[in-house]
Amino acid sequence: MRRRLAALVAAATCVVGLTGCSSEPFAPGRATGVGVQLFEWTWDSIASECTDVLGPAGYSWLLTSPPNEHITGTQWWTHYQPVSYRIESDLGTREQFAAMVKTCHEAGVDVYADAVVNHMTGSDTGGIGWAGSSYQHDDYPGIWTDADFHHCGLTADDDIENYSDAAQVQTCELLNLADLDTGADHVRQRLGEYLKDLQSLGVDGFRIDAAKHMASDDIAAITSVLKPGTVIMQEVIRGAGEPIQPEQYTGNGQVYEFAWGTGLLTGTPDPSSGGFVDSDDAIVFVENHDTERNGSTPNSTQIDYVLDVVATLAADYGTPQIFSGYRYATTDDGPARASDGAVALVECPADPGPRVEVADGQMVCQHRWPATLGMLRWRAAVGDAAVTDEWTQGLARAFGRGDLGFVVLNGTAKSLVTTLTTSVPDGTYCDLVAGPPTSSGCAGGAVTVAGGMVAVDLPAHTAAAFAASDPA
Ligand code: AAO
């Protein structure tokens, strides 16, 4: 209740004209449940974003990049090579992290941290971490010694070569990263202490990185020391024919359902067709930091990306996670840096959106795009109403959520001109794909329902959505 009230206050006081502000605060009991992955955002930048945008826009939670000490370097993936469990990174200090969590809570937004607990560094030579800790591949003074790591002995270099071999996947090294023996009690205990330390700073949940590379029971043991209700989101990439599948992990919490994002490459996925975990177990996303780079899902430079975000936020499947990252020249490049070598404070484009050019290293701020914000509002309005009035014609699709909202997606290369049945009462409504309404009215066009029918005229690769609660 405390957070919900804070969110209402934040929404009511948001500055008119700021992207993300809408004329009406979110109604109690209408949390969107939607999260945002603020990839490579500094803690100070996240704090401001919670107050200025995320709370007022109706985001329920955010995911940070890994917060602990890491190897040095300008690549983003240095954060996936832990050196110690000190909360000290080029994204901010322990104090900055704690202050960010407090600010986000005051804005009504929960904070989840990316937890890298499967492994340590991939360095063969060792070095000094960001916060000054020294390390070798299999030796982290005061934390781990060689005996705490797997040496699988199943492949030439102890590296995973074959994802069809479960023993390799869980006891050999992913990308040469020193693989912790998470089956050992004292290893589990130390990793649990790290997560508890983050929880002492207010963290509400965790993404478990590389969950596939740990036995499900190991994750259960590591997370068993956390407060009841802690959210656990496990990264278990669904690989065809692989022996380790997401279903084996749902006893520990939720899993990222990669079948959703990969399915978006060819239209709107249909979880009822099989091959998906149950809706309550699934975190769904259009892209994440890996798939943005490897093409296994759509990414925000592609023509149907906005359509994919609309489809994901409109669906009655899974918990959506919106991705917010930066433009880059090569896939290893990290975001812009400040003169002290730390990651720079974020500056979103003045008017973020799909057609805005963003320089390499600068944040794209997809979570502030008008369609994303408008669909958060739509999702809050429809709540858990059942899917109704479904219509499909090739890559064009429409459906309602009872009499509360309706969405039309035109994934084809031609205009979609038709008339569709909707349960939303007759009236004229704002198109929320253009953005949330402001105090001066609809952000874009309006849609009219007459006699239970809506006339649709949608250009190629666009969408429209309206909610009964947002009349024009
Ligand atoms: C860096 C360098 C490496 C160097 C290493 C150590 O790039 O050359 O060896 O340092 O010095 C990130 C970066 C890495 C980086 C690493 C450490 O991505 O480049 O390595 O930090 O700094 C597997 C895992 C999955 C993992 C993914 C990358 O199962 O957990 O590989 N993701 C997480 C993070 C990721 C991070 C790490 C783990 C490590 O999200 O950012 O790495 O902390 C199949 C398998 C998957 C497998 C992929 C890739 O997926 O099923 O399990 O993921 O292949 O190997 C379709 C298929 C699906 C397939 C997918 C792949 O969807 O259906 O089966 O395509 O495209």
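This is a predicted model: local features need pLDDT of at least 70, side-chain atom pairs count only at pLDDT 80 or more; totals for chains, interfaces and linings use all residues.
View 1. The ligand sits in the largest pocket, where 25 residues surround the ligand. Lys212, His213, Glu235, Glu242 and Asp290 are the closest of these residues. By residue class, the shell around the ligand divides into 9 nonpolar, 9 polar and 7 charged residues.

**View 2. Polar side-chain atoms at oxygen atoms of the ligand.** A polar side-chain atom of aspartate 290 lies 2.4 Å from a ligand oxygen atom, and for histidine 213 the corresponding distance from an oxygen atom of the ligand is 2.6 Å. Arginine 207 likewise places a polar side-chain atom 2.9 Å from an oxygen atom of the ligand. On its own the ligand has 1100 Å² of accessible area, of which the protein covers 71%.

**View 3. The disulfide between cysteine 152 and cysteine 172.** A disulfide is a covalent bond that connects the sulfur atoms of two cysteines. Here cysteine 152 is joined to cysteine 172, with an S to S distance of 2.1 Å. The pair links distant parts of the chain, 20 residues apart: cysteine 152 belongs to the loop between strand 5 (134-135) and helix 4 (166-171), whereas cysteine 172 belongs to the loop between helix 4 and helix 5 (185-200).

**View 4. Handedness of the disulfide of cysteine 152 and cysteine 172.** The torsion about the S-S bond of cysteine 152 and cysteine 172 is about 95°, and the disulfide is therefore right-handed.

Conventions:
Residues are numbered from 1 along each chain as its sequence is written. Side-chain values use heavy atoms; hydrogens and water are left out. A residue is near a molecule or strand if one of its heavy atoms lies within 4 Å of it. A polar contact is a pair of N or O atoms within 3.5 Å; within protein, one must be able to donate a hydrogen and the other to accept it, and residues adjacent in sequence count only if both atoms are side-chain atoms. Accessible areas come from the Shrake-Rupley method with a 1.4 Å probe; for residues, only the protein chains shown count as cover. On a 1 Å grid over the protein atoms alone, a cavity is a set of points where a 1.4 Å probe fits but cannot get out, and a pocket is an open set with protein on both sides within 12 Å along at least five of seven lines; lining residues have an atom within 4 Å of a point. A molecule sits in a cavity or pocket if more than half of its atoms lie within 2 Å of its grid points. Ala, Val, Leu, Ile, Met, Phe, Trp, Tyr, Cys and Pro count as nonpolar, Asp, Glu, Lys and Arg as charged, and the others, Gly among them, as polar. A disulfide is a pair of cysteine sulfur atoms within 2.5 Å. Helices (H or I, at least four residues) and strands (E, at least two) are DSSP runs, numbered from the N terminus.
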